[in-house]
Amino acid sequence: MKENSLRQIVVDSVSRHPDKIAIKIKDEVLTYYELFSKATQVANFLNVQGVHQEAVGIVGQRHMDSYVGVLGILLSGCYYVPINPKLSKDKIISIINDSKIRFLVGDVGNFSKIEKYIESSKCSQINKKIIPSKLEQLSGEKIDISSNNVEQSELAYVLYTSGSTGKPKGVKVTNNNVVAFLKNMQSIYPMKVGFRASQMFDFSFDPSVSDIFFTWSMGGILCVPLEEEVMPPYDFIKREKISYWNSVPSIIGFMEKMGYLSSGVFPHIEYSMFCGEQFPKHYADA
C-alpha cells in the first residue's frame, strides 16, 4: 500500500473498483464511485465555506449520510470528530467546544437529538449543519481526485474519551498512524476484492476506523447493521454473508448463551478479529 492518507486510500480504491459495492446498509448500497461522488459534494461544500485542516463533527452512525460524511470530511482536507448523540448534553457540548467545531455533518434523525443541546448552550461557533443527502447534486461537475492532498503528519480524526473520570479528552490520530496500522492488517488478513466486512463499532471507538478503511483499502463491502441488529447480530451475519468479522468478544459469548452458535453456522466467515475485552478460549472455540 503506497497511499499516505485515509483519503488517498479511498481514492485509490475508487480508481481500481469504481463499480464494486463499497457499503451496504440493509437494502441500501453505494458503489465506490457513488460513495466518492457524494462525499465530494460534502468536501466541495466545506471548501467553499473556507473550511480546511480543521475539526468537523460527524453526528451519529448507521446511516448512509454518516459514512458519506466521514469520507467527505477527509476529502476536504479536514479531520473528523465523532459526536455520539447517546452522550449527555454536557459531554457533547464539551467535545464541540474543545475541538472548536464550526461545522457538523450527519443525518436528520441524529441532528434532531442534539440540536436542542446546541441551541440551549449557545454554541455560537457552530456555523452550519450539513446533511449529505440534502446537498444539491453537482450535475456535470467533474470530480477532482487530485485536490486537497494531505500530509502523513496531519490529523485524520480525534476521538474523545468517555469522560468517566472528568472532562472528555481528545486523542489525536494522524494519517501516518492509521496507514501504518492498515498496512499490517493487510499482511495479516489477505482478503479478496468483494469480501464482506462487519461494522459493529460506533465511530467513537477506534475499531470502527479499521472496519471502514481496512475494508475500503481492500475493495471490500462494508456491511452496517441497523441499531436493532447489533445485539444479537445472528440474522445480520447470515443475511450479509459476512466473511470478515470484528467485534468485542462478549457478543460471541451472548450468542453462545442464546444457543445461536453451532458447527458451521456462519460458513462464509474467513477471519475474525476481537478486541476491547478479555478473549476467553471457550469463546474462540465457539
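Q: What percentage of the 286 residues of the chain count as buried?
A: 52% count as buried, meaning under 20% relative accessible area with a 1.4 Å probe, protein chains only. This is a predicted model: local features need pLDDT of at least 70, side-chain atom pairs count only at pLDDT 80 or more, and totals for chains, interfaces and linings use all residues. Numbering runs from 1 along each chain as its sequence is written, and side-chain values use heavy atoms, with hydrogens and water left out.

Q: How many aromatic pairs are there?
A: Twelve. Rings of Phe, Tyr and Trp (its six-membered ring) pair if their centres lie within 6.5 Å; planes under 30 degrees apart are stacked, over 60 edge-to-face, the rest tilted.

Q: Why is the pair F214 and Y244 called tilted?
A: The planes of F214 and Y244 stand at 50 degrees, so the pair is tilted; the ring centres are 5.2 Å apart.

Q: Where do the two sit in the chain?
A: F214 is in helix 7 (residues 207-217) and Y244 in strand 11 (residues 244-247), 30 residues apart. Helices (H or I, at least four residues) and strands (E, at least two) are DSSP runs, numbered from the N terminus.

Q: Are they buried or exposed?
A: Both F214 and Y244 are buried.

Q: New topic. How many helices and strands does the chain have?
A: Ten helices and twelve strands.

Q: What box do the C-alpha atoms fill?
A: Roughly 55 × 45 × 35 Å, along the principal axes.

How values were computed
Buried < 20%, exposed > 50% of the residue type's maximum accessible area, 1.4 Å probe, protein only.
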